[in-house]
Amino acid sequence: MLYSNFKDKKLSLLGFGTMRFPTTENGDIDVPATERMIDKAVSEGVNYFDTAWPYHSGMSEIVTAKILKKYPRESYYLADKYPGHQIMKSYVPSEIFEEQLKKCGVEYFDYYLCHAISNQDGYDKPYEELGGYEVLAKEKEAGRIKRLGFSFHGTKELFTYILDKRQWDFVLLQINYMDWVDEEAEFFYNEAARRGIPCMVMEPLLGGSLASLTPDANEILEKAAPGMSIASWAFRYVGSLPNVLCVLSGMTQMEHLKDNLKTFSNFQPLSEKEKAALQMAIAEYKRY
């Protein structure tokens, strides 16, 4: 497993996102299947797990904690998120945070994020007007949050506003080779890098749509890297960016995990020849 360095910590470049756990027919998390996947990930060196208050109707935190409990707390990094994007009048930041610690069965979070900021009101109301940021900053000062960041889905103007407004240890950004230009992911990545703020990556497969392209585009990539999956190109693209600490993958099936482990266990940044092939495949894909 390839690891990135964040101060004195070594994070697996592949992170396990817990939003898309396998489910049973009635929609509940398939706990045995999930446990097999997490155990496999841990055995192969994955040490970063990312959960959130709303995932799987609130059950992701509980199931993730139940499975990780068998491992020493210092052997993995756990990220959770404050649900400011779905704020209600009844939400009290300090109470939500306490509840999350309880649900996850931990005394601290290694990484904690203000979740899914997408518009001005979605930042100002929960974090400034209702004091969410101050609560979280105090928790960081107390050591119950080791690193404080935010996940983002908004405009360039809002991004710079938030970075100017407060201090952040990291950001979680939607980055993939389609959004790099089309959705200005390049700007967000470069702006964070310019300020010395490292990035985590979400949606490297753009909701799964980059796991397979069109037949002609797939053929270009298959010829350029025989034996490698189409999905691996997307992961290698973002994993090659120097300011990326961790690439999250919301894995639903064991085969997804195994393919990702293959990519990240012997990680190879994209060569110039492969970058050219990828651009050809993107152009072919966009024709449709």
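**View 1. Cys199 and its closest cysteine sulfur, in Cys246.** In this predicted model, the Cys199 sulfur lies 12 Å from the one in Cys246, its closest cysteine sulfur, so that's too far for a bond. Cys199 is also buried, at 0% relative accessible area (buried means under 20%, with a 1.4 Å probe and protein chains only). Residue numbers start from 1 along each chain as its sequence is written, and side-chain values use heavy atoms, leaving out hydrogens and water. Since the model is predicted, local features need pLDDT of at least 70 and side-chain atom pairs count only at pLDDT 80 or more, while totals for chains, interfaces and linings use all residues.

**View 2. Cys114, another buried cysteine.**

**View 3. The setting: 12 helices and 10 strands.** Both kinds of element are DSSP runs numbered from the N terminus: helices are H or I with at least four residues, strands E with at least two. Of the 288 residues, 53% are buried. Take contacts (heavy atoms within 4.5 Å) between residues at least 6 apart in sequence: 76% of them join residues at least 24 apart. The C-alpha trace spans about 55 × 45 × 40 Å along its principal axes.

Technical notes. Buried < 20%, exposed > 50% of the residue type's maximum accessible area, 1.4 Å probe, protein only. Disulfide = S-S within 2.5 Å.
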